[in-house]
Amino acid sequence: SSPAKLQWAEDVRWGFLYWAVEMCGPCYIKFMQWAGTRQDLFPPSFCERCARFHSRVRPHSRSATDKVLRRAFGDKWKEWLQIEEEPVGSGCIAQVYKGKLRQDKTEPSKRGESGQLERPSGGADCWRDVAVKVVHPGCRVSVETDLMLMAAVASFLECFDFFYWMAPTKSVAEFSRHMLRQVDMRIEAEAGERFRSNFATPGSEGTMEEKARLASASVGVV
């Protein structure tokens with residue numbers, strides 16, 4: 001077989017693997033993300049392929065994003081928050097958009113001919129650039145279901161002496177804690193606020209109203 005055919009066959013196999021892992025859900029994608037960082041355990045070529053799972057997971061639709069934002073912030077969220085049409089990256093839990101956050105009650109921003117967001121005529125100081133992180137719809141339910149199944153399998157494996165010393169139930173419990181914290185954007189927002197409060201410059205603290213309206217389990221704005 002020629003090298004080109006071998007490469008084609010490998011691309012097809014990996015294409016199927018990408019599809020299968022994404023269909024399985026966030027916990028499996030997270031495992032592939034972990035595997036992609038472990039060149040001490042896996043071949044470099046394998047790790048390079050797994051790098052895709054860090055930021056190029058299949059994104060959900062823009063209409064789904066609008067629905068999540070409307071549920072989190074209300075029907076008038078577009079009056080103070082604008083995001084670009086396409087995400088800049090998508091991971092196992094959420095996808096990220098470039099956006100602009102309104103600082104006062106000036107007119108909302110408009111879209112230019114290129115589709116990029118433009119600052120309103122009220123002045124550059126009225127808006128600031130932000131990253132908007134939107135959790136994939138149904139992500140938490142999928143994570144909780146997978147973790148429940150993993151816990152059941154781990155408990156079964158501990159019935160055997162060969163697996164008991166590996167403490168699978170403790171490993172699953174630690175993994176569960178890590179995954180459930182990632183699903184809730186409010187935890188990430190709290191960490192971000194703590195960082196900003198520790199390293200804030202005069203005038204960059206933001207108002208309490210702004211901080212309150214950006215707190216949501218399914219959306220993070222930083």
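Trainee: Where does Phe-16 lie?
Mentor: In helix α1. Keep in mind that this is a predicted model.

Trainee: Is Phe-16 buried or exposed?
Mentor: Exposed. Its relative accessible area is 55%, and the cut-off for exposed is over 50%.

Trainee: What about Glu-22, buried or exposed?
Mentor: Glu-22 is found in helix α1. It counts as buried, at 14% relative accessibility.

Trainee: What is Glu-22 in contact with, leaving aside its neighbours within four places in sequence?
Mentor: Ile-29, Arg-52, Arg-56, Val-57 and Arg-58. Glu-22 and Cys-92 are 70 residues apart in sequence, but their C-alpha atoms are 8.2 Å apart in space.

Trainee: Next topic, salt bridges. How many does the structure hold?
Mentor: Eleven. One of them joins the side chains of Glu-10 and Arg-49, at 3.8 Å from N to O. That pair links distant parts of the chain. Glu-10 sits in helix α1 (residues 3–24), Arg-49 in helix α3 (residues 44–50), and 39 residues separate them.

Trainee: Are those two buried or exposed?
Mentor: Arg-49 is buried, with a relative accessible area of 19%. Glu-10 counts as partly exposed, at 25%. The cut-off for buried is under 20%, so Arg-49 at 19% falls on the buried side.

Trainee: Which residues are linked in a network with them?
Mentor: Asp-11. Glu-10, Asp-11 and Arg-49 are linked in a network of salt bridges.

Trainee: What does Asp-40 form a salt bridge with?
Mentor: Arg-38, with the closest N and O atoms 2.5 Å apart. Asp-40 counts as exposed, at 54% relative accessibility. Arg-38 counts as partly exposed, at 26%.

Trainee: And Glu-144?
Mentor: Glu-144 forms a salt bridge with Arg-140, and their closest N and O atoms are 3.1 Å apart.

Trainee: Where do Glu-144 and Arg-140 sit relative to each other?
Mentor: They are four residues apart in helix α6 (residues 139–157), so about one helical turn separates them. Glu-144 is partly exposed, with a relative accessible area of 38%. Arg-140 counts as partly exposed too, also at 38%.

Trainee: Let's switch to helix α2. How many of its residues are buried?
Mentor: Eight of the eleven residues of α2 (residues 26–36). That is why the helix is largely enclosed by the rest of the structure.

Trainee: Which ones are buried?
Mentor: Pro-26, Cys-27, Ile-29, Lys-30, Met-32, Gln-33, Ala-35 and Gly-36.

Trainee: What covers them?
Mentor: The cover includes α1, α3, α4 (52–55), α6 and α8 (168–183).

Trainee: Now zoom out. How many helices and strands does the protein have?
Mentor: Ten helices and seven strands. There are 222 residues, and buried ones make up 34% of them.

Trainee: What does the accessible surface come to?
Mentor: About 13,800 Å². Carbon and sulfur atoms account for 59% of that.

Trainee: Last one. Among contacts between residues at least 6 apart in sequence, how many join residues at least 24 apart?
Mentor: That share is 65%. The Glu-10 and Arg-49 pair also links distant parts of the chain.

How values were computed. Residues numbered from 1 in each chain as written. Predicted model: local features only at pLDDT ≥ 70, side-chain atom pairs only at ≥ 80, totals over all residues. Heavy atoms only, no water. Helix = DSSP H or I, 4+ residues; strand = E, 2+ residues; numbered from the N terminus. Buried < 20%, exposed > 50% of the residue type's maximum accessible area, 1.4 Å probe, protein only. Contact = heavy atoms within 4.5 Å. Areas by Shrake-Rupley, 256 points an atom, 1.4 Å probe, with all protein chains shown as cover. Salt bridge = Lys/Arg side-chain N within 4 Å of Asp/Glu carboxyl O.
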